[in-house]
Amino acid sequence: MRLKGKVAIITGGASGIGYATAKKFAAEGARVAVCDVNQKGIDDVVSELVAGGAEASGHLVDVTNREQIAAMVDGVKAGFGRIDVLVNNAGIVLDAQLVKMTDDQFDQVIDINLKGVYNCTRAVVETMVAQGGGVILNASSVVGVYGNFGQTNYAASKFGVIGFVKTWAKELGKKGIRANAVCPGFVATPILKSMPEKVIAALEERVPMRRLAQPEEIANVYAFLASDEASYINGAAIEVTGGLTL
Ligand code: NAD
């Protein structure tokens, strides 16, 4: 119960890593606010958490919409009284080589993966400052450290997330707020599982551990970083890749 008494907002909490993180945080005693654009997914996750004995709320919020985010923050504070942890997890991929990338593909990925992280963090930071502390966790990627073929938009967004983290760690550390990023390699979520078996096998071959990560293996890292066990980890971009980048 490392997160007992803490209130956490998890964006993109209806699927994949966000869903696994919501379950892990609830199992560790947190009260969890699940934010997503997928109403059915939200309802399913919240019902599962509540059935398991946790306190949870669902919020239909697009992280590109600042009014919706403000309403969610007000709702979470009204319902749970505080906000201790924000997990900026919502993200999309719209891959294309640069010569074929459309402006819309570029803009959508930057709007959700980068500006969405800013929007949500900006909306909670004053509450955390007033409380005297908090934890801001952010989904980057190995692509946010090394770049990747066909991912101009995604790489820029994930590099940018690490830029946020390093800046927020400096600005907010003295206020008791820690900001960190997690950089997963290949994780078996709906995005990857929809790929042909041959492609997945080729990805696994590149990983020294010869397998994809399970979403729970990323959720475990978020739970540790959110907990007081990580009390001196600030401004880090932690690679969780099974050794992919060695
Ligand atoms: P996923 O598609 O399973 O889940 C993403 C969730 O975000 C979905 O529930 C979706 O509805 C939600 N979402 C999308 N746009 C949104 C918006 N505008 N507002 C609110 N919610 C929105 O993806 P995942 O694989 O679990 O990825 C989660 C995060 O981890 C992403 O930021 C992704 O870039 C990052 N990541 C994933 C991998 C991987 O291999 N799966 C690797 C590195 C980083």
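Strands β4 and β5 run parallel and are joined by four bridges; strands are DSSP E runs of at least two residues, helices are H or I runs of at least four, and both are numbered from the N terminus. Two strands count as paired if DSSP finds at least two bridges between them. The model is predicted: local features need pLDDT of at least 70 and side-chain atom pairs count only at pLDDT 80 or more, while totals for chains, interfaces and linings use all residues. Residues are numbered from 1 along each chain as its sequence is written.

**The paired strands**

On its other pairing, β4 runs parallel to β1, with three bridges between them, and Ala8 stands opposite Val85.

A residue is called buried if 20 or more other C-beta atoms lie within 10 Å of its own, exposed if 12 or fewer do, and partly exposed in between, with C-beta atoms placed from the backbone. By that criterion, six of the six residues of β5 are buried. Gly134, Ile136 and Asn138 lie on one side of β5, and Val135, Leu137 and Ala139 on the other. In β4, Val85 and Val87 point one way and Leu86 and Asn88 the other, and all are buried.

**The nonpolar core**

A nonpolar core is a set of buried Ala, Val, Leu, Ile, Met, Phe, Trp, Tyr and Cys residues joined through C-beta atoms within 7 Å. The largest one has 73 residues, and those with the most contacts inside it are Ala8, Ile9, Val32, Val34, Leu137 and Tyr222. Helix α4 gives the most to this core, with nine residues.

Contact between two residues means that their C-beta atoms, placed from the backbone, lie within 7 Å. Leaving aside residues up to four places away in sequence, Ala8 touches Phe25, Ala30, Val32, Ala33, Asp84, Val85, Val87 and Ala226. Ala33 belongs to strand β2 (residues 31-36) and counts as buried because it has 29 C-beta neighbours inside 10 Å. With the same exclusion of residues up to four places away, Ala33 touches Ala8, Ile9, Ser57, His59 and Val76. Ala33 and Ile10 are 23 residues apart in sequence, yet their C-alpha atoms are 6.2 Å apart.

**Two helices**

The expected span of a helix is 1.5 Å times one less than its number of residues.

| Helix | Residues | Length | End-to-end C-alpha distance | Expected span |
|---|---|---|---|---|
| α9 | 215-226 | 12 residues | 17 Å | 16 Å |

The buried residues of α9 are Pro215, Ile218, Ala219, Val221, Tyr222, Ala223, Leu225 and Ala226. Their cover includes β1, α1, β4, β5, β6 and β7. In α6, the buried residues include Tyr154, Val161, Ile162, Val165, Trp168 and Leu172, and what covers the buried residues of this helix includes α4, β5, α5, β6 and β7.

**The ligand shell**

The ligand is surrounded by 29 residues, of which the closest are Gly12, Ser15, Gly16, Gly91 and Thr189; a residue qualifies if its C-beta atom, placed from the backbone, lies within 6 Å. The elements giving two or more residues to this shell are α1, α4 (103-131) and α7 (190-193). By class, the shell has 14 nonpolar, 13 polar and two charged residues. Here Ala, Val, Leu, Ile, Met, Phe, Trp, Tyr, Cys and Pro count as nonpolar, Asp, Glu, Lys and Arg as charged, and the others, Gly among them, as polar.
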